[in-house]
Amino acid sequence: MRMPKKSKSGKHYTLGHRLSDAFPRFFAFMLDWASWGYVAYGVMYLLNKYWYVRHVNFYGTLTLPVWGWPVVIISTFELALISHVLGQSIGLQMRGLRLYGPDYTSPTLSMRLRRWATAHLVLIAQPFAVLFGSRKPGLLLHDRDATGYMVDVYRTKDDLPFEKPTRWYQTYRGLFIVFLLSLTFWLGWKITTINLRMLIDRISKSGHIWKDLVTPNFSYLTEDVIPGRTFSILYYMLETMFMAFFATVSGAIVAFPLSFLGARNIMGFNAFGWVIYSVMRTLFNALRSIESILMAVMFAVWVGFGNPFAGAMALFLHTIAALAKLYSEQVEAVDKGPLEAMAATGARRWQIVIYGVIPQIIPSFLAFTLYRWDINIRMATVIALVGGGGIGTLLFYFKNEVGRLDDAWNQVGAVIVAIIIVVWVLDYISARVREKIG
Amino acid sequence: MSQFGTNQAAERKLNIDAGGGQPLPRFSQRVLAIMDDLIRVEHLTKIYERGEVLALNDVSFTVKKGEFLVLLGLSGSGKSTLLRCLNRLIEPTAGTILFDGEDVTKAQPKQLRHLRRRMAMIFQQFNLVKRSSVLTNVLSGRLGYMNPGASAIHKYAKQDVDDAMASLERVGIPEQAYKRADELSGGQQQRVGIARALMQNPELMMADEPVSALDPATAHSIMQYLELMNQEDGVTVIASLHFLSLARRYGTRILALKDGQIVFEGSPAEIDKDKFKEIYGEDAEEVEVR
């Protein structure tokens with residue numbers, strides 16, 4: 001049984017309600033406006049590429065005149081508004097909003113056009129109406145015109161009349177999305193200067209490299225490259241594997257307790273828990289967004305260029321963030337039934353975690369840790385690029401010798417083969433182990 | 001019951017009138033009455049804020065010690081919510097619940113845990129930790145009593161392990177003790193659930209649709225364990241059931257809910273065709289489980 005919205009204080013349509021009604025519409029409109037703005041950008045870009053540079057001024061760039069900006073802003077606004085009132089808006093679809101006439105009938109064209117006109121009239125007044133407006137439930141400013149209501153389909157699903165769902169290609173909205181995607185593909189092709197002709201025409205340029213790479217020279221497999229300064233492939237390979245192993249194991253040990261602090265179902269029992277949860281989540285996301293290669297730059301400066309300690313620290317930090325995020329999502333996805341049953345026996349919160357949560361998450365924790373080890377091995381091979389140590393040191397050493405050494409590419413080939421073998425073997429092992437656990 | 005406005009539970013919460021407007025009986029009579037009431041629910045209301053749904057609407061009833069109370073009602077009538085409100089797995093919006101004279105709704109966390117130890121619960125989906133052994137699952141019924149430090153490192157008292165084996169023997173599956181819980185059949189899993197509940201030495205057993213996920217024959221065997229607890233150990237049972245035939249066979253009293261309100265309260269024999277239609281709707285046909 002549903003009830004009309006009513007706030008605790010007894011007022012019918014409080015600021016909170018008005019904001020929660022207004023925000024999705026605002027968001028939806030902004031999305032539409034932005035998508036039409038994107039179309040305008042695309043049109044400008046393609047005009048430049050296909051017409052201006054070719055036929056007007058090869059060295060110039062087509063730019064908007066001063067009066068062009070207001071024209072574009074206003075016309076995209078109008079297009080967004082029209083798609084809004086015609087019920088063809090992507091934003092409204094995304095937020096589950098739909099325009100209805102009185103008594104949930106489909107609005108007629110004249111109603112839609114009237115709504116389009118009133119939307120202009122209330123443009124400035126609308127924010128004030130949201131802040132200080134009516135107490136009548138569900139009425140934002142231009143809904144009072146009674147030409148139509150914006151209805152939140154998800155929130156009021158039960159009351160809505162059944163409508164036959166339309167396929168995406170039957171609506172302008174769906175076709176517009178397809179148009180946006182194709183535009184993006186076209187723009188992407190142009191902006192990244194993809195040129196298939198060049199790829200084929202200049203195949204001979206890199207031909208000898210391929211030949212050298214597939215005939216690797218393993219003379220430095222066990223022998224130091226420069227005695228006393230640069231070691232053998234095998235030595236660096238071991239260094240890489242231990243670097244990844246250290247980062248994964250210690251990262252997992254730190255991430256395990258943190259993941260419970262970042263899980264909503266464990267922490268969401270009071271305000272204090274929510275604060276910890278939010279802080280942890282923000283921390284994970286912030287740490288995770290810094291690629292380990294960037295962290296390695298910092299640590300290489302800190303502890304010394306080429307020191308594997310730098311690479312290990314970079315991988316360690318990134319592993320904590322990545323694993324804690326994955327772990328906490330697993331913690332949030334546990335079957336709540338057993339937890340409920342244990343709470344019903346009078347168990348303490350942490351007893352429920354130990355007996356109810358941990359047994360459920362152990363297999364996926366192990367699987368994620370192994371998977372992370374996999375990623376860390378692959379990361380460890382390139383982290384030397386910025387001075388993080390490991391097998392990459394040799395990779396880039398030989399690559400930089402190209403021109404000075406005749407067989408530099410063959411040496412690079414040997415390093416690559418070693419990397420491939422190790423990655424492949426470890427990948428196979430971790431896949432088998434994950435299979436066993438799952 | 002058309003609108004939110006007609007529900008006065010919130011007002012009552014502020015000024016609870018146990019007699020509901022009736023003149024109160026003498027003090028001594030009230031004390032005597034309260035003594036054999038294990039549970040006394042007054043004006044219990046639950047509103048799910050998110051969906052703005054009124055799940056329980058001003059429900060009041062009492063359960064006497066030793067009763068086998070059956071809750072009847074369609075899906076969504078509020079049976080599960082009612083059971084979960086009794087041990088506050090779900091926080092009631094308004095109303096009072098007295099368990100053996102103690103106010104559950106006002107209990108502080110520690111007191112609530114101590115109250116929950118006395119009320120066991122079994123579930124429709126069994127709610128076992130699937131990857132843990134049967135024995136560990138049974139032992140988890142004892143968590144509320146265990147020494148917290150020892151339980152943190154999975155160290156159990158010998159007495160607890162013996163009790164767990166004894167409860168498993170009582171439900172007839174001692175040989176399954178070291179298997180993983182998800183290796184067992186549905187009926188066996190529910191027996192583990194009962195064994196877990198037995199570990200609490202409960203005064204009240206709440207069963208939330210304990211046999212809905214089971215076939216009729218297994219359903220009867222599970223219900224018979226509940227009956228045994230009720231009759232031999234004197235445990236009060238509240239079970240929510242779907243089938244009227246099961247309710248007639250096992251219940252000593254029936255409480256029927258519809259749209260969060262009590263529509264029938266009385267002995268199983270009193271439910272005739274009209275009452276049945278009132279509870280289950282006009283189109284319902286009675287189906288028997290043998």
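This is a predicted model: local features need pLDDT of at least 70, side-chain atom pairs count only at pLDDT 80 or more; totals for chains, interfaces and linings use all residues.

**Entry 1: Leu234(A)**

I started with Leu234(A), which sits in helix α9 (residues 233-261) of chain A. Leaving out residues up to four places away in sequence, I saw Leu234(A) touch Leu221(A) and Thr222(A).

**Entry 2: chain A as a whole**

I then stepped back to the chain. Chain A has 17 helices and 2 strands. Of its 438 residues, 30% count as buried. I looked at contacts in chain A between residues at least 6 apart in sequence, and 71% of these join residues at least 24 apart.

**Entry 3: α1(A) against α2(A)**

Next I took a helix pair, α1 (residues 15-56) and α2 (residues 68-85) of chain A, whose axes come within 8 Å and cross at roughly 130°. That angle makes α1(A) oblique to α2(A). I noted the crossing of α1(A) and α2(A) as right-handed. Which residues of α1(A) meet α2(A)? I listed Phe29(A), Asp32(A), Trp33(A), Trp36(A), Gly37(A) and Ala40(A). On the α2(A) side, the partners include Val72(A), Phe77(A), Leu79(A) and His84(A). By class, the contact of α1(A) with α2(A) divides into 8 nonpolar, 4 polar and 1 charged.

**Entry 4: α13(A) against α15(A)**

I looked up a second pair, α13 (residues 308-332) and α15 (residues 349-382) of chain A. Their axes are 10 Å apart, and they pack at an angle of about 150°. How do the two run relative to each other? α13(A) and α15(A) are roughly antiparallel, because the cut-off for that label is an angle over 145 degrees. The crossing of α13(A) with α15(A) is right-handed. Among the residues that α13(A) brings to the contact I picked out Gly311(A), Leu315(A), Ala322(A) and Tyr327(A). From α15(A) I noted residues including Ile361(A), Phe365(A), Phe368(A) and Arg372(A). The contact of α13(A) with α15(A) has 12 nonpolar, 6 polar and 1 charged residues.

**Entry 5: the nonpolar cores**

I wanted to know what is packed inside. The largest nonpolar core has 142 residues, and helix α13(A) gives the most to it, with 15 residues. Which residues have the most contacts inside this core? They are Val415(A), Met205(B) and Val237(B). I followed up on Met205(B): not counting residues up to four places away in sequence, it touches Ala120(B), Ala197(B), Leu226(B), Met229(B), Val235(B) and Val237(B). There is also a second, separate core of 10 residues, which includes Phe29(A), Val85(A), Leu92(A) and Leu99(A).

**Entry 6: where the chains meet**

I turned to the interface, where 28 residues of chain B are in contact with 21 residues of chain A. On the chain B side, the elements giving two or more residues are β2 (53-64), α4 (109-118) and α6 (148-152). The largest share, 4 residues, comes from α4(B). I sorted this side of chain B into 11 nonpolar, 11 polar and 6 charged residues.

**Entry 7: α3(B) and some positive phi values**

Helix α3 (residues 79-86) of chain B has 7 of its 8 residues buried, so it is largely enclosed by the rest of the structure. Lys79(B), Ser80(B) and Thr81(B) are among the buried ones. Just after α3(B), Arg88(B) takes a positive phi of about 60°.

I looked up two more. Asn201(B), not a glycine, has a positive phi of about 45° and lies in the loop between α8 (186-198) and β7 (204-208) of chain B. Asp259(B) has a positive phi near 50° and lies in the loop between β9 (253-258) and β10 (261-266) of chain B. Asn201(B) is partly exposed, with 15 other C-beta atoms within 10 Å. Asp259(B) is partly exposed, with 16.

Note on methods: Residues are numbered from 1 along each chain as its sequence is written. Chains are lettered from A and ligands numbered from 1 in the order in which they are written. Two residues are in contact if their C-beta atoms, placed from the backbone, lie within 7 Å. Ala, Val, Leu, Ile, Met, Phe, Trp, Tyr, Cys and Pro count as nonpolar, Asp, Glu, Lys and Arg as charged, and the others, Gly among them, as polar. A nonpolar core is a set of buried Ala, Val, Leu, Ile, Met, Phe, Trp, Tyr and Cys residues joined through C-beta atoms within 7 Å. A residue is buried if 20 or more other C-beta atoms lie within 10 Å of its own, exposed if 12 or fewer, and partly exposed in between; C-beta atoms are placed from the backbone. Axes are lines fitted to C-alpha atoms, for helices over the stretch in contact, and angles run from 0 to 180 degrees between N-to-C directions. Angles under 35 degrees count as roughly parallel, over 145 as roughly antiparallel, 65 to 115 as roughly perpendicular and the rest as oblique. A crossing is left-handed if the near helix is turned anticlockwise from the far one by less than a right angle, and right-handed if clockwise.
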